[in-house]
Amino acid sequence: MSSDTLSSPSDPLAEAPPGKISAVPRIVPRRRTGQWTAAAVVLVLLGLAVNSVLRNEAFQWDVVADYFTTASVLRGLWLTLWLTALVMTLGFAFGTLLAVMRLSANPVLRAVSWGYVWLFRSVPILVQLLFWFNIGALYPRVLGVKTVDLFGPVTVAIVGLTLHEAAYAAEVVRGGILSVDRGQVEAAQALGLGRYRRWRRIVLPQAMRAIVPPAGNMLIGTLKGTSIVSIIAVQDLLYSVQLVYHRTYQVIPLLLVATLWYVVVTSLLSVGQYYVERHYARGTRR
């Protein structure tokens, strides 16, 4: 086989006249001077910030290490985690009921659900907690029992946070259900699937793709938002460190203890959210 038959018509060497060889264009990588300069500046500033935090004696990192795993701090952390889990569970259970009511054909149920969401999203959570904390002024007795005995600080925190979270959870669940194409439900009806199986096998798995990301954000927000219950003397993580620095006057290192625990738990929840999102996104990624 001759060399002519091996030459490609588009080859610059093949098209060149006899005795002349055309130069093949040299590929020059694109220079990203601006990006590299910006990255270097950011790294320098970040290094300076980290160095100032680590070398600043006012942070008292030795005190932070001493109190990081003390019994009082761990008890406060446990109460924070327990309160977050309980509030999210109850909030999403009640929020799902409100979402179903909002999507109902019954105008009364729709109006009640809309009114609930409107009211509890309009009132700040601190005002709600203080209202429930002073509910005894309106109802001194409930079912023959003193309201003060029924609504202790922890109960007030659970009730107030749950009712608040339910309003937001209702909108998250409703948005996830509405994100499912109506044709999916109609196809399931055509196949003869019952209402329960349609919700369990068709609607819910697809709705979860839209529900999980905002639900994860709500979970992290609730974890941090539980710190507000310290205003009603619930001994969560923040209140626990406050009790210590009111005694030792070491405000900054004790606040750093709470901050680091919040960062650790939030990071773990973010990792869990990533894997849950990936689980429900199966079959949709290219």
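## Packing of helices α5 and α12

Helix α5 passes helix α12 in a right-handed crossing. The model described here is a predicted one. Helix α5 covers residues 71-102 and helix α12 covers residues 237-248. The two pack with their axes 7 Å apart, at an angle of about 160°. Angles over 145 degrees count as roughly antiparallel, and the angle found here therefore makes α5 roughly antiparallel to α12.

## Salt bridges

The count of salt bridges in the model comes to two. One of them joins Arg 102 to Glu 171, with the closest N and O atoms 3.2 Å apart. Arg 102 lies in helix α5, whereas Glu 171 belongs to helix α9, residues 153-178, so this pair ties together parts that are 69 residues apart in sequence.

Glu 171 also meets the side chain of Arg 174 in a salt bridge, at 3.0 Å from N to O. Both Glu 171 and Arg 174 lie in helix α9, three residues apart, which is about one turn of the helix.

## A nonpolar surface patch

A nonpolar patch on the surface is formed by Phe 131, Leu 138, Tyr 139, Val 142, Leu 143, Val 145 and Leu 150. Together these residues have about 700 Å² of accessible area.

Among them, Phe 131 is placed in helix α7, which spans residues 125-133. The relative accessible area of Phe 131 is 42%, so this residue is partly exposed.

Methods. Residues are numbered from 1 along each chain as its sequence is written. This is a predicted model: local features need pLDDT of at least 70, side-chain atom pairs count only at pLDDT 80 or more; totals for chains, interfaces and linings use all residues. Side-chain values use heavy atoms; hydrogens and water are left out. Patches are made of residues with over 30% relative accessible area and no salt bridge: like charges are joined within 9 Å, nonpolar side chains (Val, Leu, Ile, Met, Phe, Trp, Tyr) within 5 Å. Accessible areas come from the Shrake-Rupley method with a 1.4 Å probe; for residues, only the protein chains shown count as cover. A salt bridge is a side-chain nitrogen of Lys or Arg within 4 Å of a carboxyl oxygen of Asp or Glu. Helices (H or I, at least four residues) and strands (E, at least two) are DSSP runs, numbered from the N terminus. Buried means under 20% relative accessible area, exposed over 50%, partly exposed in between (1.4 Å probe, protein chains only). Axes are lines fitted to C-alpha atoms, for helices over the stretch in contact, and angles run from 0 to 180 degrees between N-to-C directions. Angles under 35 degrees count as roughly parallel, over 145 as roughly antiparallel, 65 to 115 as roughly perpendicular and the rest as oblique. A crossing is left-handed if the near helix is turned anticlockwise from the far one by less than a right angle, and right-handed if clockwise.
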